[in-house]
Amino acid sequence: MRRFVIFAMLLAASWVVMILSHECGHIIGGMTCGATLTDFDLAPWRMPYSLHSPDPHPLVTLWAGPMLGIAVPISLAVIIRKRWAWFVADFCLIANGGYLALAWLSGDRFLDTRRLLDAGAHPATIVIYCVLTIATGYIWFRSDCIHYLKRTPKPQTGGVP
């Protein structure tokens, strides 16, 4: 039971880190290229967003979300050097790539993928990002899940081994 509680807590922490690193990436990207932040919401229990107007370089603002959404957690995992930090970073890889892929399939004009395409991003760049993050994230995150969900053998006390 304990391993499931730890796993659930890691998933919740991973979700919050992913939301914050991704959306703060948009905010930082907009700030660095001269965009004016007009509104934002970072609450992890609903769909976060950040709105910039005017935004002289929307591709920078839009790509900064998924790029910092993976770079920040991976950098922290490299620094922290603990298995739980890699769990969070690997989750962020899958989540950011999966988000762009699913947003593309949905076609929703308010989600990042449609906005990236409308701002002039080449579709191949989005496909490459999604394939790399989802594939790498899957391999690493699967290993993390196995590690945290595997049964640990109970120590034997007395008796014949």
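**Helix packing and strand pairing**

Modeller: Helix α1 (residues 2-32) packs against helix α3 (residues 83-106) with axes 9 Å apart and an angle of about 55°. The model is predicted, so local features need pLDDT of at least 70 and side-chain atom pairs pLDDT 80 or more, while totals for chains, interfaces and linings use all residues. Residues are numbered from 1 along each chain as its sequence is written, and side-chain values use heavy atoms, leaving out hydrogens and water.

Colleague: How are α1 and α3 oriented to each other?

Modeller: Angles under 35 degrees count as roughly parallel, over 145 as roughly antiparallel, 65 to 115 as roughly perpendicular and the rest as oblique. The angle here is about 55°, and α1 and α3 are therefore oblique.

Colleague: How many nonpolar residues does the contact of α1 with α3 have?

Modeller: In this contact (heavy atoms within 4.5 Å), residues of α1 including F7, L10 and W15 meet residues of α3, among them W84, F87 and Y99. By class, the contact has 3 polar residues, no charged ones, and nonpolar residues numbering 13.

Colleague: Which residue in β2 is the bridge partner of D41?

Modeller: Strands β1 (residues 37-41) and β2 run antiparallel and are joined by 4 bridges, where pairing requires at least two bridges found by DSSP. The bridge partner of D41 is Y49.

Terms used: Axes fitted to C-alpha atoms, helices over the stretch in contact; angles between N-to-C directions. Helix = DSSP H or I, 4+ residues; strand = E, 2+ residues; numbered from the N terminus. Nonpolar A, V, L, I, M, F, W, Y, C, P; charged D, E, K, R; others polar.
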